[in-house]
Amino acid sequence: MDRRRFIRGISAAAGLTAASPYVRSAFAAEGVAGSSRVNSVAVIGAGIVGASVAYNLSKRGCDVVVIEKNEPASQASGNSFAWLNASYYDTPKSYYTLRTHSLNEYHRLAKDVDIPIHWGGSLEWYESAEQQQEVIDGVHRIQSSGAPTWMIDAAKASDIDPNIHIDPDRRIAWCSRDGAIDPAGTTRALLQRAENYGAAVLHPATVTGIVQQRNGIRVVSNVENFDVDLAVVAAGVGASEIARMAGLEIDPMRPATPGIIVTTKPMPRIVNAVAYTSDTHFHQRSDGRVILGEKAGPPATDEHRALLNGRPNSYPSPDLATEHATRVINVARRYIPKIADAKVESVGVGWRPLPRDGLPVIGHPMSVPGIYFAAMHSGVTLAPIVGHLAAMEILDGVRVDLLADFRYERL
Ligand SMILES: Cc1cc2nc3c(=O)[nH]c(=O)nc-3n(C[C@H](O)[C@H](O)[C@H](O)COP(=O)(O)OP(=O)(O)OC[C@H]3O[C@@H](n4cnc5c(N)ncnc54)[C@H](O)[C@@H]3O)c2cc1C
């Protein structure tokens with residue numbers, strides 16, 4: 001963290017001296033400076049979305065401080081399945097399009113930031129005839145948008161991924177452009193790059209208030225206050241609380257839901273694609289770790305409700321964690337027998353940040369100046385494009401059409 005540099009940047013901007021923060025940016029050297037009056041930004045939340053916004057803003061010379069109440073990537077981004085995809089179930093079409101752009105943006109990002117992505121495609125299949133038909137219809141729909149997705153049979157799936165065993169009667173959706181990443185590693189790499197561009201990352205520090213001022217926003221935290229031109233809300237499940245602090249009347253989020261993520265120790269490659277089916281999903285990252293998730297949520301018992309109160313990220317005891325991991329691996333063994341050799345490294349509980357209608361909430365809410373929202377599920381897939389477009393909207397003062405369906409006002 002380099003708070004002194006951040007504070008120096010703010011004073012320079014506030015004094016409107018010739019020391020424009022754009023000057024030190026390589027981006028500015030390319031002649032791409034901003035045209036809005038935003039020179040300093042506080043990003044609330046150091047998950048993958050906040051990290052991407054901070055990276056894109058600081059790359060363009062904006063003074064950025066990231067304020068994180070725990071550790072970077074300790075919430076949804078560190079406990080995510082992290083499948084990068086644009087799929088048949090992404091409706092409306094604008095949502096599918098946004099995700100497609102983000103996959104392309106990942107290829108661009110990987111040239112500037114060290115993020116090992118495994119581009120192994122995805123295989124998706126279901127047991128019930130109804131679900132299978134849904135997949136077939138959806139694949140036809142996205143093929144009309146040119147998606148590299150096809151329905152294939154089990155023999156072809158076995159050519160693609162010889163270790164995955166699929167019932168010969170199944171039809172499988174194969175999308176060749178999908179990938180998977182290490183979301184915590186990616187978040188840290190983006191933050192590191194943002195710091196290289198001059199950003200400060202402050203943690204642990206909890207934002208407790210947002211105060212409108214004549215010339216911007218005061219972001220109040222339990223460690224330090226920041227007077228900035230704009231605050232970006234990238235607080236994941238904490239977005240509701242920040243919205244309240246900012247005086248927004250409509251809560252953008254619905255209650256978060258938990259998901260178990262089992263991570264194995266690195267092992268020789270046993271699976272190439274992201275596999276997704278009725279009761280399990282798994283993939284193997286480029287570092288050799290296999291990531292597994294389960295479809296079933298927690299049982300609706302009082303005991304489980306009590307355990308899940310307060311949104312824990314871990315199990316109450318190591319024994320319970322091991323028991324759950326064993327169950328998840330046993331389900332996956334039916335499709336990938338080689339997973340029996342895996343050694344469990346960690347078991348996490350992630351909480352999905354879910355906007356009210358499932359679609360991202362991105363942009364300046366019209367009723368409150370100085371605030372920019374970036375709250376979404378599928379934030380691992382969407383982080384690159386959201387960071388890129390948010391920086392454009394914030395620094396260039398434009399409204400990007402691609403984001404028109406995702407504004408706060410629709411809520
Ligand atoms: C089990 C599971 C599986 C998933 N699978 C996928 C998938 O396959 N593909 C995909 O694209 N997405 C997936 N997602 C969704 C994806 O992980 C999230 O959308 C994404 O991580 C959200 O990133 P974020 O940065 O917005 O939120 P987070 O990572 O939660 O970061 C928000 C940060 O804000 C901080 N914060 C909150 N309040 C405050 C405050 N008051 N002051 C300071 N800091 C604060 C938090 O501590 C947190 O670190 C999955 C999620 C889960 C839980």
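I looked up Val 49 first: one of its backbone N or O atoms lies 3.1 Å from an oxygen atom of the ligand. I count a polar contact as a pair of N or O atoms within 3.5 Å; within protein, one must be able to donate a hydrogen and the other to accept it, and residues adjacent in sequence count only if both atoms are side-chain atoms. The model is predicted: local features need pLDDT of at least 70, side-chain atom pairs count only at pLDDT 80 or more, and totals for chains, interfaces and linings use all residues. Residues are numbered from 1 along each chain as its sequence is written, and side-chain values use heavy atoms, with hydrogens and water left out.

I checked Ile 48 next. A backbone N or O atom of Ile 48 lies 3.2 Å from a ligand oxygen. For Met 376, I found a polar backbone atom 2.9 Å from an oxygen atom of the ligand. I then looked up burial. Alone, the ligand exposes 1000 Å², and the protein buries 96% of that (Shrake-Rupley areas, 1.4 Å probe).

**Shell.** The shell has 37 residues; the closest are Glu 68, Ser 77, Val 207, Gly 379 and Thr 381. By class I get 19 nonpolar, 15 polar and 3 charged. Here Ala, Val, Leu, Ile, Met, Phe, Trp, Tyr, Cys and Pro are nonpolar, Asp, Glu, Lys and Arg charged, and the others, Gly among them, polar.

Which elements give two or more residues to the shell? I noted helix H3 (48–59), strand S13 (253–264), strand S17 (344–355) and helix H11 (379–396). S17 gives the most, with 4 residues. Helices (H or I, at least four residues) and strands (E, at least two) are DSSP runs, numbered from the N terminus.

**Sheet.** I turned to an open sheet of 3 strands, ordered S9-S10-S11, with antiparallel pairing. Two strands pair if DSSP finds at least two bridges between them. S9 (207–213) and S11 (225–228) stand at the edges with a single partner strand each, so one side of each has no neighbour in the sheet. Neighbouring strands are turned by 15° against each other on average, direction ignored. S9 pairs with S10 (residues 216–221) over 6 bridges, in the antiparallel sense. I also traced Gln 213: its bridge partner in S10 is Gly 216.

**Ser 145.** I found Ser 145 in the loop between helix H5 (129–143) and strand S5 (149–153). Is Ser 145 buried, partly exposed or exposed? Its relative accessibility is 32%, so I logged Ser 145 as partly exposed (buried is under 20%, exposed over 50%, partly exposed in between; 1.4 Å probe, protein chains only).

Conventions
A residue is near a molecule or strand if one of its heavy atoms lies within 4 Å of it. Axes are lines fitted to C-alpha atoms, for helices over the stretch in contact, and angles run from 0 to 180 degrees between N-to-C directions.
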